[in-house]
Amino acid sequence: MTAAVFFGCAFIAFGPALALYIFTIATEPLRVIFLIIGAFFWLVSLLFSSLFWFMARTITDNKDGPIQKYLLILGVLVSVLIQEMFRFVYYKLLKKASEGLKTINPDETAPSMRLLAYVSGLGFGIMSGVFAFVNTLSDSLGPGTVGIHGDSPQFFLNSAFMTLVIILLHVFWGIIFFDGCEKKKWSSLLVVLLTHLLVSALTFISPHYGINLVSTYLIMVLMGIWAFFVAGGSCRSLKLCLLCQDKDFLLFNQRSR
Amino acid sequence: MALQRLDRSPLGWFFRLESNTQTALFQFQNTRARHRRAHHGGVPWPSPSGFPQRSQDSEEDLDEDADRYMCSGVPGQPSGLEEELTLKYGAKHVIMLFVPVTLCMVVVVATIKSVRFYTEKNGQLPYGAGREQSLQPAISLSIYTPFTEDTPSVGQRLLNSVLNTLIMISVIVAMTIFLVVLYKYRCYKFIHGWLIMSSLMLLFLFTYIYLGEVLKTYNVAMDYPTLFLTVWNFGAVGMVCIHWKGPLVLQQAYLIMISALMALVFIKYLPEWSAWVILGAISVYDLVAVLCPKGPLRMLVETAQERNEPIFPALIYSSAMVWTVGMAKLDPSSQGALQLPYDPEMEEDSYDSFGEPSYPEVFEPPLPGYPGDELEEEEERGVKLGLGDFIFYSVLVGKAAATGSGDWNTTLACFVAILIGLCLTLLLLAVFKKALPALPISITFGLIFYFSTDNLVRPFMDTLASHQLYI
């Protein structure tokens, strides 16, 4: 519970997202706007999920006991459903905006749907990660001993890694989801929903961090690979990029300087 | 002003900012049009908003009024070439407003979270040298909110806060009307003097108190000579930058700082529930004052439009940047400091009307070695937002940060809500093309998200976090 824990966990959880923001989004004002709108949509979905949970709790009159745990689980699952629903709503909104833009100005290049998918995924992810972790982070600055009652002393570290994986997962889910919507491949949407439910459900076995984290990271890697191929990447382009032989990429970078 | 449907998709606005529009919620400085005498007759876009309409009190004046919004009416019509440019610059202006609003909120939230002084209620004034200074704003503000909130019942407390709000709003309405009257009868010296008094108060007294409290919090000792030197330099440079000439970035920084200071004063001295009711009431007042035909702000705007006068510099945040062809067009006296947006004829006019130049827009000088663009004019539009908007946004976010539970989720939710409200307001501006207030949408969203996040989302997220569940 020191500054080291605070900064360490903060950078573990938000470092990649910050890097992605700085290098890909901060330079273009339009992307920043779409990121914030995405974050807003996630926030609204959270609001509805909390409303649902609150109403469920008042209906069962706030009795203590196992029913609270079941209600919480139900709340989590419903929340996942609502989040994916709002992702779909955001997709529809972006689609309309893109069409409007094309009619106004056919020669200017509007952001492509893939880019918007990435930006919206990042917006969802950042908001989700921040809401999940920031209170824990601010507690870590204060005095205290972690795990004094027999809980795991790795509470903060585990939460930080989980937050990181959730943010990245949201990015990949966004890309896959939007691509599925574009190509009308509803199976993609279903897979995104199911993996989201799976990841949330895995956190129910919370104190056993090993299984929880490892499987979630595995899912993240799989989703990442899928999103890479969906977004138009291929083994060849990856090889060219890694060996710095991708001429288009190099030229593009030079031009922007 | 003809209402004009831009396009089918409202979000398309972000790609296109209609320059033909007669209004500006935010002022768009169309400097290219200025160079085209034929279109504009050399008249720059006046920025009528920004009059101190609210409090009379010497501490409070400056910014709370400075406007919620700007008004309308570009005298000339820019050519079609403008419209293409707007496509490129539309989203950029939104970001040019996001950044200062975010900075102001960050300063306010950081202060609230670290300096205990601004969350202590009046009854717990700290002992020591700061006490006398901190009593003074408390006394003057409590004139506006005389009904106490230390009542036994909820109903009584609510009633008291509503009464406090009524008093505050009526003071504000009276001030606005007084200001409009002053402006109509051209009592510019009076207004100028008033503005200078209020910025003096903010830049010196409030900064002194703020600095004192920050030093106390971090237990840093500072001797009076150093303190005097610091505050004097800060305040003097601030007065020069805001009321006269100075680098754009410095002026922007000072405006953000005084908005933050003002917001902190409000957060400290307004009673809890009254503050929320006042926020709501101010948004409604804004809506009424700008949209009703006899609303004071609308009359102000129209008067300023008729006279083609610029607005006072101390009340508007401007982010305009301009590069022009040919250094010859620059006013030689402002080389290296400030580039004047006016044509020489307009300069004379403004000298006549105020007796001293008052330049609402501050532009960066072109870079001396600026390559290439000598052959073509390259201009950018600037965006303006009234300081009152900054203040009330920061009050909302600051209060969300101040209320007890130390919950960051509420603060962040309010922050995102306000930014979205700002986006939506700009969007509505493009769709309706009339003068629109900047407060209502953002404050409404902020209030909705504050109360719902505090009561619904917080217990949910806390329970999830304690069980380490992730959604």
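**View 1. Area buried between chain A and chain B.** About 4,200 Å² is buried between chain A and chain B, and carbon and sulfur atoms give 78% of this area. The model is predicted, and in it 53 residues of chain A are in contact with 44 residues of chain B.

View 2. Between chain A and chain B the count of salt bridges is zero, whereas six residue pairs, with both residues at pLDDT 80 or more, are found in polar contact across the interface.

**View 3. The side of chain A that touches chain B.** The elements of chain A that give two or more residues to this side are helix H2 (29-59), helix H3 (66-104), helix H4 (113-140), helix H5 (155-182) and helix H6 (186-202). Of these, H2(A) gives the most, with 18 residues. Sorted by class, the side of chain A that touches chain B has 33 nonpolar residues, 18 polar residues and two charged residues.

**View 4. Surroundings of Ser140(A).** Ser140(A) has its place in helix H4 of chain A, and because its relative accessible area is 1%, Ser140(A) counts as buried. A polar atom of the side chain of Ser140(A) lies 2.6 Å from the backbone oxygen of Leu137(A). When residues up to four places away in sequence are not counted, Ser140(A) touches Met1(A), Thr2(A), Val5(A), Phe6(A) and Phe156(A).

Technical notes:
Residues numbered from 1 in each chain as written. Chains lettered and ligands numbered in written order. Predicted model: local features only at pLDDT ≥ 70, side-chain atom pairs only at ≥ 80, totals over all residues. Heavy atoms only, no water. Contact = heavy atoms within 4.5 Å. Buried area = accessible area lost by both parts, 1.4 Å probe. Salt bridge = Lys/Arg side-chain N within 4 Å of Asp/Glu carboxyl O. Polar contact = N/O pair within 3.5 Å; in protein donor to acceptor, adjacent residues only side chain to side chain. Helix = DSSP H or I, 4+ residues; strand = E, 2+ residues; numbered from the N terminus. Nonpolar A, V, L, I, M, F, W, Y, C, P; charged D, E, K, R; others polar. Buried < 20%, exposed > 50% of the residue type's maximum accessible area, 1.4 Å probe, protein only.
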